[in-house]
Amino acid sequence: MSKKLNPQLQHNIREDAYCETHLEPPQLFCDNDQVTLCGKCFQSQEHKNHVVYGIQEAAENYREEEQNFKTMIESEYSMQFRLLSEENDLNFLRLHRYQCDSNIRGVSLNHLNRFATELEEKSQEMLQVRY
Ligand SMILES: [Zn+2]
Ligand SMILES: [Zn+2]
C-alpha cells in the first residue's frame, strides 16, 4: 500500500488552503455560496450582495449553529421520549382496562358457575325428593 495521499483529498486540501482563482489564502467565508473567499474574491462582483463573514466569525457561527442543532436534537429527543412515555401510559391504561374486563368476565363466570352448581344441587334435591 502506498503512503501517497488520495489525489482527491490532496486537491481538497489545496482548495481549502488557497483561493483557486487568485491563489491567495482565504480570509472570508461566503454564507450564500458556503465557500471560503480571499480578499480579491470579496471585492469581486460575484459576492457583492452576499452575506460574508470573516473566517474566524464563520467558525464561531458554525460552532453556534452546531450548538443550536444539538439543543434542537436534544429537545426533539426529550419530546419523543415524552410521547413515548405517554404512549406507555396509554398502553398501561389499555392493559389495566383489559384486566378489569377479564375480571368482570371472571366474576360473571363465577356467578354462572355458582348458579349452575345451585341449579344442579336444586335438581338433585328435586330428584331426591322424587325418589
Ligand atoms: Zn479569490
Ligand atoms: Zn458568494
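Gln 34 sits in the loop between strand 1 and strand 2, where helices (H or I, at least four residues) and strands (E, at least two) are DSSP runs numbered from the N terminus. This is a predicted model, in which local features need pLDDT of at least 70 and side-chain atom pairs count only at pLDDT 80 or more, while totals for chains, interfaces and linings use all residues. Residues are numbered from 1 along each chain as its sequence is written, chains are lettered from A and ligands numbered from 1 in the order in which they are written, and side-chain values use heavy atoms, with hydrogens and water left out.

**Backbone with positive phi**

- Gln 34 is not a glycine, yet its phi is positive at about 55°; with a relative accessible area of 52%, Gln 34 is exposed (buried means under 20% relative accessible area, exposed over 50%, and partly exposed in between, with a 1.4 Å probe and protein chains only).
- Leu 23, which lies in the loop between helix 1 and strand 1, is another residue other than glycine with a positive phi, near 50°, and at 59% relative accessibility Leu 23 counts as exposed.

**Salt bridge**

- Searching the whole structure turns up one salt bridge, a term that requires a side-chain nitrogen of Lys or Arg within 4 Å of a carboxyl oxygen of Asp or Glu.
- The side chains of Lys 40 and Glu 24 meet in a salt bridge at 2.8 Å, N to O; because Lys 40 belongs to helix 2 (residues 39-43) and Glu 24 to the loop between helix 1 (7-17) and strand 1, the pair ties together parts that are 16 residues apart in sequence.
- Lys 40 is partly exposed at 44% relative accessible area, and Glu 24 also counts as partly exposed, at 25%.

**Surface patches**

- Patches are made of residues with over 30% relative accessible area and no salt bridge, like charges being joined within 9 Å and nonpolar side chains (Val, Leu, Ile, Met, Phe, Trp, Tyr) within 5 Å.
- A patch of negative charge on the surface gathers Asp 31, Glu 57, Glu 60, Glu 64 and Glu 65; Asp and Glu count as negative and Lys and Arg as positive, with His and the chain ends not counted, and the place of a charge is taken as NZ of Lys, CZ of Arg, CG of Asp or CD of Glu.
- Asp 31 is found in the loop between strand 1 (28-30) and strand 2 (35-37) and is partly exposed, with a relative accessible area of 31%.
- Phe 69, Met 72 and Ile 73 form a nonpolar surface patch with about 310 Å² of accessible area together, by the Shrake-Rupley method with a 1.4 Å probe, only the protein chains shown counting as cover for residues.
- Met 72 has its place in helix 3 (residues 55-130) and is partly exposed at 47% relative accessible area.
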